[in-house]
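Open the model in your viewer and keep the selection tool ready. We will go from helix to helix and stop at the contacts.

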Amino acid sequence: MNQLQVCLANNMKRYRKLRGLSQEKLAEKSGASANYIALIECGKNFPSLPMIEHIAAALEGYFTRHAHLLQRLLFLAGGLLFLLCRDG
């Protein structure tokens, strides 16, 4: 699990609990399964950007306000990977 995954997993769990939501309720509100939410929170799965947006909307807080930063970070990480891979 990389640092971005750890950060997402920890923050998602933290803000879910702050909002008083169970994994099941967050799953229902975001259109995911409870098992999928659990896998994200324990770092065994990493959601797609559209799913991150659905989860952010369901949490209605920190992630919604900072989703654009995550998008930029993912874009930069993808560009860096491209540069590293094309030279190798």
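Contact here means heavy atoms within 4.5 Å. Keep that cut-off in mind at each stop. Note too that this is a predicted model.

**Stop 1: where α2 meets α4**

Select α2, residues 23-30, and α4, residues 49-59. Which residues in α2 meet α4? They are L26, K29 and S30. On the α4 side, look for M51, H54, I55, A58 and L59. Sorted by class, this contact has five nonpolar, two polar and one charged residues.

Now turn the view to see how the helices cross. The axes of α2 and α4 come within 8 Å. They cross at roughly 115 degrees. Angles of 65 to 115 degrees count as roughly perpendicular, so α2 is roughly perpendicular to α4. The crossing is right-handed.

**Stop 2: S30**

Select S30, which lies in helix α2. Is S30 buried or exposed? Its relative accessibility is 5%. Buried means under 20%, so S30 counts as buried.

Show what surrounds S30. Leaving out residues up to four places away in sequence, S30 touches I37, M51, H54, I55 and A58. Pick I55 from that list. S30 and I55 are 25 residues apart in sequence, yet their C-alpha atoms are 5.1 Å apart in space.

**Stop 3: I55**

Centre the view on I55. Again leave out residues up to four places away in sequence. I55 then touches M12, L26, S30, I37 and I40.

**Stop 4: where α1 meets α4**

The crossing of α1 and α4 is left-handed.

Highlight L8, M12, Y15 and R16 of α1, which make the contact with I52, I55 and L59 of α4. By class, six residues here are nonpolar, none is polar and one is charged.

**Stop 5: the core**

In soluble globular proteins, nonpolar side chains tend to be buried together. Look for that here. The largest nonpolar core has 14 residues. Which of them touch the most other members? Select M12, L26, I37, I40, I55 and L59.

Colour by helix next. The largest share, five residues, comes from α4.

Technical notes:
Residues are numbered from 1 along each chain as its sequence is written. This is a predicted model: local features need pLDDT of at least 70, side-chain atom pairs count only at pLDDT 80 or more; totals for chains, interfaces and linings use all residues. Side-chain values use heavy atoms; hydrogens and water are left out. A nonpolar core is a set of buried Ala, Val, Leu, Ile, Met, Phe, Trp, Tyr and Cys residues joined through side-chain atoms within 4.5 Å. Buried means under 20% relative accessible area, exposed over 50%, partly exposed in between (1.4 Å probe, protein chains only). Helices (H or I, at least four residues) and strands (E, at least two) are DSSP runs, numbered from the N terminus. A crossing is left-handed if the near helix is turned anticlockwise from the far one by less than a right angle, and right-handed if clockwise. Ala, Val, Leu, Ile, Met, Phe, Trp, Tyr, Cys and Pro count as nonpolar, Asp, Glu, Lys and Arg as charged, and the others, Gly among them, as polar. Axes are lines fitted to C-alpha atoms, for helices over the stretch in contact, and angles run from 0 to 180 degrees between N-to-C directions. Angles under 35 degrees count as roughly parallel, over 145 as roughly antiparallel, 65 to 115 as roughly perpendicular and the rest as oblique.
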